[in-house]
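The following explanation is intended for a reader who meets this structure for the first time. Please keep the sequence and the three-dimensional view at hand while reading.

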Amino acid sequence: MWWYVGKRLLQTIPVILGATFIIYALVFLRPGDPIAGLFGEKPVNEGVKEQIEAQYNLDKPFLVQWLLFLKGAVTLDFGNSYTGRPVIDLVSQAFPVTITLALMALAIEMVLGIVAGTIAGLRRGGLFDSTMLVTSLIVIAVPIFVFGFVLQLIFGVKLGWVDPTVGGDWSVSKLILPAFVLGLVSFAYVLRLTRTSVAENLSTDHVRTARAKGLTQRQVVKNHVLRNSLIPVVTFLGVDLGALMAGAVVTESIFNIPGVGNLAYNAIKRGENPTVVSVVTIMVLVYVLASLLVDLLYAWLDPRIRYA
Amino acid sequence: MPEIAIRPGQERFVAPLEETPLQDVDSVDLSAAPESQWKEAWKRLRKSPLFWISGTLLVIIAIVVAFPGLFTSADPSYENLSDSLAPAREGHPLGFTQQGGDVWARTLYGARASVAVGVFATLFVTVVGVVTGAIAGFFGGWVDSLISRLSDIFFSIPLLLAAIVVISIINNIWPERQFWGSVFVVVGALALFAWPQITRQMRGAVLSVKSLEFVDAATAIGASRWKNLVRHIVPNAMAPVIVTATITLGVFIVAEATLSFLGLGLPRSSVVSWGNDIAAAQVLVRSGQHLEVMFVPATALAITVLAFILLGDAVREAFDPKARKK
Amino acid sequence: MSTRSEARAAKKNAPAPGYDPAVDPLLEIKDLQVGFRTSKKDVVPAVRGASLTVYPGQTVAIVGESGSGKSTTAHAVIDLLPGRGEVTGGEILFQGRDVSKARKDDIVAMRGSSIGLVPQDPMSNLNPLWKVGFQIKEALEANGVAKGKEADRRVVELLEEAGLPDAERRAQQYPHEFSGGMRQRALIAMGLAARPKLLIADEPTSALDVTVQKQILDHLEMLTGELGVAVLLITHDLGLAAERADHLVVMYKGKVVESGPALDILQHPEHPYTQRLVSKAPSLASQRLSARVEREEVKAQAVQTAGEIAAELEAEPEVVGDVTRDDVITVQNLTKVFKLRGKRPGQKIDFTAVDDVSFSLRRGTTTAIVGESGSGKSTVARMVLDLLEPTSGTVLFDGVDVRTLKGKDQLRLRRQMQPVFQNPYASLDPLYSVYQSIEEPLRTHGIGSKKEREARVRDLLDKVSLPTSVMPRFPSELSGGQRQRVAIARALALQPEVVICDEAVSALDVLVQAQILELLNELQAELGLSYLFITHDLAVVRQIADDVIVMEKGKAVEQASVDEVFSNPTQAYTRKLLDAIPGGSIELGR
C-alpha cells in the first residue's frame, strides 16, 4: 500500500513541473513590456527599469526564470506582483473563499447527483428517471452564467432570501447559492454517471447471486449495487475539484466573490504574470492532490487495486 | 449404478418428433439482409426517437448556419441606439437589443460562429486525440509513457483558465482579426487543453481491441503493424470516441459562450455570436428587465447543444445495446 | 433475528397445505412457458412448454446446448430471470406452491433458505469489493440462520465443508485472491449456507479445468448426499449429466425432447436429437473404437497428400526451407520466461510459462498439446506462430529457424503456417464482411486479380461447407460454428502447410464441435495439412490427433501417441486428466 502511495506521489512530480512550464511559457510569450504598463503614459527611467527587471528576474533567460520560480514556489514564495505586494498574500486571502466555494459545490453535486442518479438508475424509464434526465440535459446545455443570473435574480433580488452578491466579508451561508450554481453542471454529470453505473450493475452476475442468497432489494442495493457503482463516480468527483476551482472564475464574477478566480481573471487582463502563474500553479496542485486522494479512495473502495 | 424405482412424473418421455423438428446443426439464416456493425447501429438509430429529434434539430440548425438570410431580411450587424430595447415591429419579430440590434436576426446569424467553434474544436481534438491515443495504446513502451505524461500535464491545467490565458495573450499579439481569425483563436484555445480526454479514451479502446484474436490473426497472415493498426484496430476502437466527440461538441459551444461572458470569446466588433449577445444582455438581467433579450440567444444555444448531446446519447445506445433499457 | 420475524419467514417458506414430503415431489414444473419481452407487444419465447419433476434428495439434470432454454428454466424456478424475462404460462410448484404466482417477498424469503443457487461463472458471481467471508455471512444473516460472531464461525465451517483448506484465513480474503476452483467452492458454501431443500447448480464447473471440475463435482455430490439436498443440475455435457444425475431431462429449442432415468436414456436414446447428442458427446465418443479407425484413415490419406504436395513444392524456388523433411515443425528446448511486476515497484518476478519444451510435428499428422489453464500450451502456440519471441530455444519450420527469417522470407513463412483461434467472437474483425475477412490474406500477399480472388474465396467457402451467399455477411450475424468455419477458410486461403488450432473448438456447442472436428479431418485428408492442436479437453483429442503432448506448469510431462496415452498413460498427471473426463466410466450400450 505505501509503495503504491509513494509511486503515485512520484508520478505527480513531472505533471506539476510540466504544467508550470507550459503556463510559464504561455505568459512569457506574451509580448509587450509589463513594466511599461506599470508606468502607464509616463516615460520610464532606464535605471529604474533595469532595477525592476532585475527584481522580477525579467533580465534572465526564460528557463532560468522558470527554475527560479520553481525554487521559490517550493518555499511558498511566489515573488511579488508588479504592484509590489507579495503574491502569496493575495493568494492566501483569496484561496480560502474559493476552496470553500468549490468544496461546497462538490458536496452539493455529490449528494444530489448520487441520490438522484441512484433512484433514476434503479427505476430506469420511470417518471423520476425521465424528469431527471431532461433536467440534467438542460443544465448541461445552458451556459452556467445564465443560470447564475436567473437564480441571483429570483432568490437574491425578487425573493430576497439571500444576498445577491457576496462581497468582501464572505461567509459560508452567503456562498450557498453561488456553490449551487457552480456545482450545477457537475451535478448533471454525476447524475448521468451514477444512473448508468447503477443500471449496469443491477444486471451483473454477482447481483443476481446476491438475490439468490435471499437478500432483500434494500440489502442488494446497499451492499452490492451502490458501492460498485460509486467507483466511476468517485473518479469523476476527484478530477472535478480542479475544474470547479477554475469554474469559480465565472461564479465569482457573477456573485462578486473575492476569490482566486477573480484574482486570476483580473491578473490575466492586466498582464500580472507572477500572479497568473502562481494561481494556475496552485490550481494544478489542487487538481493533482485531489486525483491522488481519489486514487487512494479508489484503492479503499476496490480491493483489487490495493495489491496491484 | 443402482436401479431406481421410477416415481410419478419421472416416467420415460419422448417428445413426438413433429413437435420439435430437428434443424440442421448450425444452419445459416439467409433470409435477413447482411449487416455490418455500423449498419446494425444505423438500424437501431433509425428506431430511436432521440435520434430523430436531434437529427431534425441539427438539420434545421445546419440550414440556419448556411442560409441565415432565408429567415430574416434585417442586417444583424446594424445597430441603432435609438432602437435600444425597442419592442417588436414589422420585420423585427423579437424586438431589439440594448445596442439597438435586431434580436431575431442576430440570433439567426449568431448560429454560424457558435457552431463553427464547436465543430472545428471537436474536429481538432478528435484528430489529435485519435492519433495520439492510437499510437500510445498500440506501440506502448516509451512512446506511450511520453504521450500519457504529456496528456496528464495538459489535463491538469484547468481548461477554462488556460483558454482565458491563451486568448488574452493572442488578443495582445493580434488584436484586429476578422470572423475566421477570431473563430480559430477560440478553437485553438479550447482544443489545446481539451485533447487529452480523447487521447485517454482512444488509448484505452485501442488497448482492449489490440488483445483481440483477430489482430493476431491479421499478423499471422502477414499484415504489417501499421496496416493492422489502420485497418483493424482503429476502426474497431472508434465507436466510444465518436460518442464523446458529439457530446464534446456541445460542451465547446457552451464554453465559447462562457468565454464571451468573460469578455474573451469572439470579439463583438467583428463577430455576431450567441455568447456575445447573452453576455451583453447580462446587465438587463441584473436589473430584471427585458429578460427576453438574453433568453432568445440563450435558448438557441441551449437547443443546439441539446441536439448534439442527444445525438451522442442516441449513437451510444445504438452502438452499445447493453446501455439500452432492459 | 427476533422470534417473530423467524416465525414469519417460516410461514412464508411453509409447504402448501396437504403437501406430503414423503410422497409428493419437491419441485414440479408443468408446461412452463418463458419469454423475453422485446417491446410492449412482442415476447420472444425461450421456453416453450417444459415439464419436469424433482423429488427430495434427488439429482435431476437438464441437458441441452446454448439456446435450449435450460438455464432460463432454472432461473424461472428461483424467479431470477434476466432483464425482461417473464413466465408466460404453466406452473412451477415448489412443495406444492406455485412460485411463479407467489408474492415478491415470499420469493425473497424462499431464496437461499428453501432454494439455493450455485451459478455458472465463478469469476463474475462474487462481488469483487467484499471479502468472501462477508458474502457468505450475508446469506446466513438474511435467512436467519446465524448472526454476528456465530455467523462468522459458521462461515468458516461452511468453507471447510465446501473443501476449502485454511478456511479461517480465506474467509478474510477478497475474491480476486482466489483461484477459479476456490471461488466455486465459496459459491457452493454460499448456496448451501441456509441448508436449502433444493440446490440449482447452473453449469457449476464448466468454467473450470477438468481436474478441478471433477474434484468439485465429487465434493458437491458428497455434500448434497449427506445433507439430503435435491439438486437441479444444468449442463451442456451429456456425459457429466449421466454420471451425476438419477434423472435426465434433455431440452432442445425451449422444449423437453426426452426425459427419463439417466442410464436408460444414454443407452437407448429414442428422440433423434438425443441420439445425435449421445453419438457426438466428446467424452462418450472418445471411447468408441470407430473414432480411432476413422482417424487412422484420415491420417494415411493426409500423409500421402502431404507427400505429393511437398514433391510439387520442391520444384518451386520461392519456398523457404526443405519441404521434403518428415518433420514439418521441430521445436527444440523452447522456453519462455515472463517478467512479472512484483509487489514493490521495480521488483521483477520471473515466471517460466514454458519450460524446455521439445517436440516435432510430422508432415500430414496432428499433434495435440493438452493442458489445463496456465500450463503454457497457448504460449507454445504463439511462439511457434512467431507472434511471441522465445526466451531461448528454437522453432524450426521445414528445417529453418523462424526467428532468423526477415522481410520477404518471413512473409512466406506466414503463408505456410496459419492459426485458428479459440474465441469465434474475437477471431474475426467485426467490421469486415465474410468476403473481406477471407480475401484479406490474398490481398495482403498480392495474390491474383480481383476476379481470381473472388473465385478463390468462393472455393474456400465451399471447402468449409458454407454457402457463397454468406459472403456479404458480417460476423455478428453468424453463429459460433459458422464463424469458426470462416476463420478456417481464412487460414486456408494462403494454402498453408500447417494450421495451428488454439482451442479452436472449445467454445462451441457439442454438436457444432463435432462438425468442426469432422471438417478439420476432411480438410486434412484432402489438403495434406499438418495440425498443431492446442486443447484443454483430452476427450476431443482422440477424434483428431495422432500424437499427444501433455503439458503441466510449463513442462511437457508426457509425449506419446494417442493410443498409448489413452491406454497406457505413464504419468500420474495424465491419468488424472483421463479420469476427469466426465462420463468416462459409463458403459454404453454399443
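The model is a predicted one. In chain A, the domain assignment gives domain 1, covering 16-74, and domain 2, covering 91-301. Eight residues from domain 1 of chain A and 12 residues from domain 2 of chain A take part in the contact. The C-alpha centres of domain 1 of chain A and domain 2 of chain A are 36 Å apart.

About 900 Å² is buried between domain 1 of chain A and domain 2 of chain A, and carbon and sulfur atoms give 79% of that area. Helix H1 (residues 2-29) of chain A provides the largest share of the side of domain 1 of chain A that touches domain 2 of chain A, namely six residues. By type, the residues on this side of domain 1 of chain A are six nonpolar, one polar and one charged. Between domain 1 of chain A and domain 2 of chain A there are zero salt bridges, and zero residue pairs in polar contact are found with both residues at pLDDT 80 or more.

Attention now turns to chain C. Here four strands make up an open sheet with antiparallel pairing, in the order E2-E1-E4-E5. Strand E2 (43-54) and strand E5 (97-98) of chain C are the edge strands, each pairing on one side only. Strand E1 (residues 27-37) of chain C is joined to E2(C) by nine bridges, and these two strands run antiparallel. Within this pairing, Gln33(C) has Arg48(C) in E2(C) as its bridge partner.

The interface of chain C and chain B remains to be described. It brings 69 residues of chain C into contact with 48 residues of chain B. The two chains bury about 5000 Å² between them, of which 55% lies on carbon and sulfur atoms. Tyr55(C), Leu431(C) and Arg473(C) supply 12% of the area that chain C buries against chain B, more than any other three residues.

Three salt bridges are counted between chain C and chain B. One of them links Arg12(B) to Asp264(C), with the closest N and O atoms 3.0 Å apart. Strand E10 (residues 255-261) of chain C gives the most to the side of chain C that touches chain B, with seven residues. That side of chain C comprises 33 nonpolar, 19 polar and 17 charged residues. Strand E1 (residues 13-14) of chain B pairs with E10(C) in the antiparallel sense over two bridges, and Val14(B) stands opposite Glu258(C) in E10(C).

Methods: Residues numbered from 1 in each chain as written. Chains lettered and ligands numbered in written order. Predicted model: local features only at pLDDT ≥ 70, side-chain atom pairs only at ≥ 80, totals over all residues. Heavy atoms only, no water. Domains from an automatic or database assignment. Contact = heavy atoms within 4.5 Å. Buried area = accessible area lost by both parts, 1.4 Å probe. Salt bridge = Lys/Arg side-chain N within 4 Å of Asp/Glu carboxyl O. Polar contact = N/O pair within 3.5 Å; in protein donor to acceptor, adjacent residues only side chain to side chain. Nonpolar A, V, L, I, M, F, W, Y, C, P; charged D, E, K, R; others polar. Pairing = 2+ DSSP bridges.
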